[in-house]
Amino acid sequence: MPPFIPKPVYVGASPLVRQAAERLAKTAIVRVQDSETGRVRVEDFLTVLAAVAGEAALTVGIAPTDIETAELIPGSAVFGPQINDVLTGDASDIKDVRVNCLVGILIKELVPSVVPLSYFDQLERIYKLVASSAGGAAWGHPALTVADDHRPSILPIQVAFEMRGVVDQAMTMAELPPELRYVPCALALASGIRQVAAAIDLSVAVTLALEVTFGMAKMAPMSKAAFEKIAADQGPKPN
């Protein structure tokens, strides 16, 4: 008889983690909500959550390197098996994806109640897309294959920077260690996809979410120092 191997405990099961994720999703809605009409563009909402999830995967993958002290050029390509491990358990086939990696959480939360598993059967394609497009996309944007009318109108690298403090708060609320920073972000992204089910073709929603997440996980993020330098460079010039 083979030895008994217990199933891993699902990291998304904790009520505290789920509450933190829902707060994160609500904050993302506010970030892209039109102040006059109250309307929210679905693609921008998903992009905020995916950008946050991608940066979290990168942050965990390059640990113990700190974004603020690392000599990373914002927007430049970052690669490494540790990042892939956070994203998919370093798997490119959905049958090999572990439940507690980022994509594993999305699958656990969304399949089959919201979308079929086949919507996630594009991991190898997206890994190749990110690798082949390094340095080719517009600054701060991951490479995307969705149609133009589904592309975000916001800058992913910027919203990930702006939401970093919100993720810090979610981590405190969820009482999670730093290496699980991606967990509330993945749950929030799953919640976002669930919320927009009636407003967008969900195959498009999943593709956009995955491409932004993977792209941002392989893109050096904006640090506070870099942001302040850009703001200073773009400030008013002396007469």
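How much space lies in the largest pocket? In this predicted model, in which residues are numbered from 1 along each chain as its sequence is written, local features are reported only at pLDDT of at least 70 and side-chain atom pairs only at pLDDT 80 or more, whereas totals for chains, interfaces and linings use all residues. Side-chain values rest on heavy atoms, with hydrogens and water left out.

The space in the largest pocket comes to about 220 Å³. Of the 18 residues that line this pocket, Gly-75, Ser-133, Ala-134, Gly-135 and Met-219 are the closest to its centre. A pocket here is an open set of points, on a 1 Å grid over the protein atoms alone, with protein on both sides within 12 Å along at least five of seven lines, while a cavity is a set of points where a 1.4 Å probe fits but cannot get out; lining residues have an atom within 4 Å of a point. Grid points are joined across faces, edges and corners, and a volume is the space filled by probe spheres set on the points. By class, the lining of the largest pocket has 9 nonpolar, 8 polar and 1 charged residues, where Ala, Val, Leu, Ile, Met, Phe, Trp, Tyr, Cys and Pro count as nonpolar, Asp, Glu, Lys and Arg as charged, and the others, Gly among them, as polar.

Ser-133, one of the residues closest to the centre of the pocket, is found in the loop between α5 and α6 (156-162); helices are DSSP runs of H or I with at least four residues, numbered from the N terminus. The side chain of Ser-133 reaches the backbone oxygen of Leu-129 at 2.7 Å, and a polar atom of that side chain lies 3.4 Å from the backbone oxygen of Val-130. Such polar contacts are pairs of N or O atoms within 3.5 Å, of which, within protein, one must be able to donate a hydrogen and the other to accept it, and residues adjacent in sequence count only if both atoms are side-chain atoms.

Leu-129 and Val-130 are themselves among the buried residues of helix α5 (residues 123-132), together with Leu-123, Ile-126 and Tyr-127. These residues lie on the same side of α5 because they cover an arc of only 160° around the axis, the arc being that of the directions from the helix axis to the C-beta atoms. On the other side of α5, Lys-128 and Ser-132 are exposed. Buried means under 20% relative accessible area and exposed over 50%, with partly exposed in between (1.4 Å probe, protein chains only). The cover over the buried residues of α5 includes α3 (81-88), α4 (102-110) and α9 (202-217), contact being defined by heavy atoms within 4.5 Å.

Helix α4 is mostly covered, with 8 of its 9 residues buried, among them Leu-102, Ile-105 and Glu-109. Its buried residues are covered by elements including α1 (15-32), α2 (42-61), α3, α5, α8 (182-195) and α9. In helix α9, Val-206 is buried, with a relative accessible area of 0%, and, not counting residues up to four places away in sequence, Val-206 touches Val-115, Tyr-119, Phe-120 and Gln-122.

Several loops hold backbone features of note. Asp-90, in the loop between α3 and α4, has a phi near 60°, a positive value in a residue other than glycine, and counts as partly exposed at 46% relative accessibility. Glu-175, in the loop between α7 (164-174) and α8, likewise has a positive phi of about 60° although it is not a glycine, and counts as exposed at 63% relative accessibility.

The count of cavities of 30 Å³ or more comes to 1, and about 40 Å³ of space lies in the largest cavity. Its lining is formed by Val-52, Glu-55, Ala-56, Ala-160, Arg-164, Val-167, Arg-181 and Cys-185, of which 5 are nonpolar, none polar and 3 charged. Helix α2 gives the most to this lining, with 3 residues. Val-167, found in helix α7, is buried, with a relative accessible area of 3%; leaving aside its neighbours within four places in sequence, Val-167 is in contact with Leu-24, Val-52, Arg-181 and Cys-185.

Methods:
Helix = DSSP H or I, 4+ residues; strand = E, 2+ residues; numbered from the N terminus.
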